[in-house]
Amino acid sequence: MLTQVDNGHHVVLRGQQTLVVQLEAQPATGFIWELVALDATLVRTFGPAEFHAAPKLGASSIQTLRFQAIAAGETILRLHYGRSPQRYV
């Protein structure tokens with residue numbers, strides 16, 4: 001599992017291992033993490049993003065993203081935090 005403090009680190013996945021990324025987000029205001037770059041021939045998204053509400057009103061939620069290795073190679077996982085244009089069309 002990776003969090004914000006792991007930004008820029010290298011991770012090695014073996015076989016069909018799953019990488020779990022958990023980051024703070026504000027989905028109620030439209031601010032979420034979205035996948036920007038990834039070599040889909042090496043790693044695939046694994047299920048939809050999940051949001052876990054914070055215990056305090058107005059606090060950030062935790063967004064969970066999952067990725068699964070599907071082939072050998074090297075790729076950069078790049079995420080963007082912002083308002084999703086698709087949510088406001």
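Predicted model: local features only at pLDDT ≥ 70, side-chain atom pairs only at ≥ 80, totals over all residues.
Local features need pLDDT of at least 70 and side-chain atom pairs count only at pLDDT 80 or more, while totals for chains, interfaces and linings use all residues. Residues are numbered from 1 along each chain as its sequence is written, and side-chain values use heavy atoms, without hydrogens and water.

The largest nonpolar core has 10 residues, among them Leu19, Val21, Trp33, Val43 and Phe67. Such a core is a set of buried Ala, Val, Leu, Ile, Met, Phe, Trp, Tyr and Cys residues joined through side-chain atoms within 4.5 Å; buried means under 20% relative accessible area, exposed over 50%, and partly exposed in between (1.4 Å probe, protein chains only). Strand β1 gives the most to this core, with four residues; strands are DSSP E runs of at least two residues, numbered from the N terminus.

Trp33 counts as buried because its relative accessibility is 16%. The structure holds two aromatic pairs, that is, rings of Phe, Tyr and Trp (its six-membered ring) with centres within 6.5 Å, where planes under 30 degrees apart are stacked, over 60 edge-to-face and the rest tilted. Phe31 and Tyr81 have ring centres 5.9 Å apart and planes at 35°, so this pair is tilted. Phe31 lies in strand β2 and Tyr81 in strand β6, 50 residues apart. Tyr81 is partly exposed, at 31% relative accessibility. Trp33 and Tyr81 form a tilted pair, with 5.0 Å centre to centre and 40° between the planes.
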